[in-house]
Amino acid sequence: MLKSSNKVETNIYELEISIDAETFETAIQKAFNKQRKNITLPGFRKGKAPRSMVERMYGEGVFYEDALEIAYPDAVEAAIEEAGLTIVDTPYDLDVTEIGKNGVEMKLKVTVKPEVKLGKYKGLKASKMSTKVSADEVKAELTRLQDQNSRMISVDDRAAKKGDTAVIDYEGFVDGVPFDGGKDENHNLELGSNSFIPGFEDQIVGHNIGEEFDINVKFPEDYQKDLAGKDAIFKIKLSDIRIKETPELDDEFAKDVSEFDTLADLKKDIKNHLEGHKKEDAEAKLADDLIMQVADNIKAEIPEVMFKNEAENMLNDFAYRLQGQGLDIDTYMKYTGSDKDKLIESYMEPAKTQVKIQLALEAIIEAEKIEASEEDINTEFETIAKEYDMEVDQIKKLLSVDTVAVQIKNRKAVDLVKENAVITEEKTAAEKKAATKKATAEKKPAAKKTTTAKDSEDKPAAKKATAKKTAASKDTEKKPAAKKTTKAKE
């Protein structure tokens with residue numbers, strides 16, 4: 001039972017726990033029963049000595065340590081629950097202050113989940129990727145289908161040229177001696193791919209099927225140590241020249257590669273699929289952007305152990321994926337020259353992000369009182385079962401109700417943030433280009449016009465000004481005469 005719970009540091013509590021005499025006695029008996037088959041005492045057959053005789057021979061506390069190991073987990077779990085704590089790591093600093101037939105008194109420390117102060121999570125701003133599919137994207141997918149359904153055909157009426165696939169037998173020599181890895185037969189080499197030593201492919205160009213010839217090359221200075229910088233001769237036999245034959249993009253092509261009868265219908269289907277993928281990607285990225293903002297807005301003193309534990313979880317997931325590829329983590333570390341500590345360190349940054357996100361989601365769930373109903377949970381089990389083509393009962397054996405409930409509540413929290421966000425739609429590259437072009441055109445100054453008689457007629461203000469100017473000119477013509485009169489009087 002819990003005797004006391006005291007916060008001693010940030011996120012650290014010290015618990016004082018007692019195990020009563022009856023509970024500890026039960027644990028002692030279990031410890032004895034577990035070991036008795038290996039106990040031998042004079043006068044007793046192996047495993048038949050009574051507990052009282054064993055304790056008399058070896059001491060009253062002979063089974064205390066094993067009994068404590070048996071009673072400890074339940075006692076600590078009950079105490080943590082009674083204290084209302086959510087721990088994030090294994091209890092530590094165990095100090096057994098009293099142990100005997102009267103029970104156990106002990107102290108230990110636990111690291112708890114931090115208090116989280118939720119920052120802004122409504123009214124956040126984010127942009128959503130455009131889900132429009134361009135004609136170029138549809139064309140690229142059609143090209144991929146063309147390439148996927150192309151075939152290689154032989155050509156025997158000309159010499160090899162770049163872009164061809166040459167089928168060759170070759171053997172390499174350095175100083176007249178063949179070297180390891182320098183020989184192969186029926187090797188398919190695309191001329192111009194630069195997949196061989198510089199100059200190798202160029203010297204095949206111009207040769208015809210059936211020809212045997214030598215190629216002189218020099219290994220690069222950064223090649224493997226025993227060949228780096230050395231001159232080599234390769235003996236070549238060109239056995240075939242092949243080119244890729246790509247099917248025409250027409251209705252027949254559509255029938256061959258799909259369920260559609262026309263190329264137009266195939267293009268439409270491709271566009272729909274691309275839009276679907278874009279919508280999924282856009283929604284996922286939008287959710288990530290918004291939740292990262294929420295995570296960055298929280299205030300919490302997060303224990304370092306939470307980051308380390310998450311990094312270890314990520315490493316375990318990676319190891320599991322390696323097993324699916326027929327590898328194990330120890331072999332991977334051997335070949336990459338890494339170790340567990342280095343791998344955990346490499347996961348620390350993404351682990352920190354993931355921990356902050358989960359704490360942010362939990363804070364939203366608590367603030368908004370988000371729940372996962374029984375109907376929600378049943379629907380989720382059915383969805384998962386359908387996705388993996390399994391029976392619901394099978395899924396329920398693999399996933400607990402609590403795990404599914406957490407997934408549902410997290411999703412509802414993300415949806416709430418999205419529903420209350422200010423979201424702008426991003427433009428596609430083509431749309432941005434068009435908008436820029438339009439803006440540039442609107443900013444250009446209007447060309448100056450030469451005023452014509454017709455323009456003057458269309459502009460009353462200008463006409464008035466011209467009329468005034470003309471009147472002024474007439475007055476000026478009369479003024480000299482007045483001036484002459486004045487001079488005469490003078």
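This is a predicted model: local features need pLDDT of at least 70, side-chain atom pairs count only at pLDDT 80 or more; totals for chains, interfaces and linings use all residues.
View 1. Which residues does Glu380 contact once its neighbours within four places in sequence are set aside? They are Val404, Gln407, Ile408 and Arg411.

**View 2. Helices H4 and H6 where they cross.** Here we turn to a pair of helices. Two packed helices are described by the angle between their axes and by the distance between those axes. For H4 (residues 135–148) and H6 (residues 263–297), the axes come within 10 Å and the crossing angle is roughly 110 degrees. H4 is therefore roughly perpendicular to H6, since angles of 65 to 115 degrees are put in that class. The crossing of H4 and H6 is right-handed.

**View 3. The residues that join H4 to H6.** Let us stay with this pair and look at the side of each helix in turn. H4 brings Glu137, Val138, Glu141, Leu142 and Leu145 to the contact. From H6 come Leu263, Leu266, Lys267, Ile270, Lys271, Leu274 and Lys278. What is the make-up of the contact of H4 with H6 by class? Seven of the residues are nonpolar and five are charged, with no polar residue taking part.

**View 4. Asn186, a positive phi within strand E8.** Asn186 is a residue other than glycine, yet its phi is positive, near 50 degrees. Asn186 sits in strand E8, residues 177–190. Is Asn186 buried or exposed? With 52% relative accessibility, Asn186 counts as exposed, because the cut-off for that class is over 50%.

View 5. Asn194 is not a glycine, but has a positive phi of about 60 degrees. The relative accessible area of Asn194 is 66%, so this residue is exposed.

**View 6. The whole chain, for orientation.** Of its 490 residues, 29% are buried. The chain exposes about 33,000 Å², and 49% of that area is supplied by carbon and sulfur atoms. Among contacts with a separation of 6 or more, 66% are between residues 24 or more positions apart.

Definitions and conventions: Residues are numbered from 1 along each chain as its sequence is written. Side-chain values use heavy atoms; hydrogens and water are left out. Axes are lines fitted to C-alpha atoms, for helices over the stretch in contact, and angles run from 0 to 180 degrees between N-to-C directions. Helices (H or I, at least four residues) and strands (E, at least two) are DSSP runs, numbered from the N terminus. Angles under 35 degrees count as roughly parallel, over 145 as roughly antiparallel, 65 to 115 as roughly perpendicular and the rest as oblique. A crossing is left-handed if the near helix is turned anticlockwise from the far one by less than a right angle, and right-handed if clockwise. Contact means heavy atoms within 4.5 Å. Ala, Val, Leu, Ile, Met, Phe, Trp, Tyr, Cys and Pro count as nonpolar, Asp, Glu, Lys and Arg as charged, and the others, Gly among them, as polar. Buried means under 20% relative accessible area, exposed over 50%, partly exposed in between (1.4 Å probe, protein chains only). Accessible areas come from the Shrake-Rupley method with a 1.4 Å probe; for residues, only the protein chains shown count as cover.
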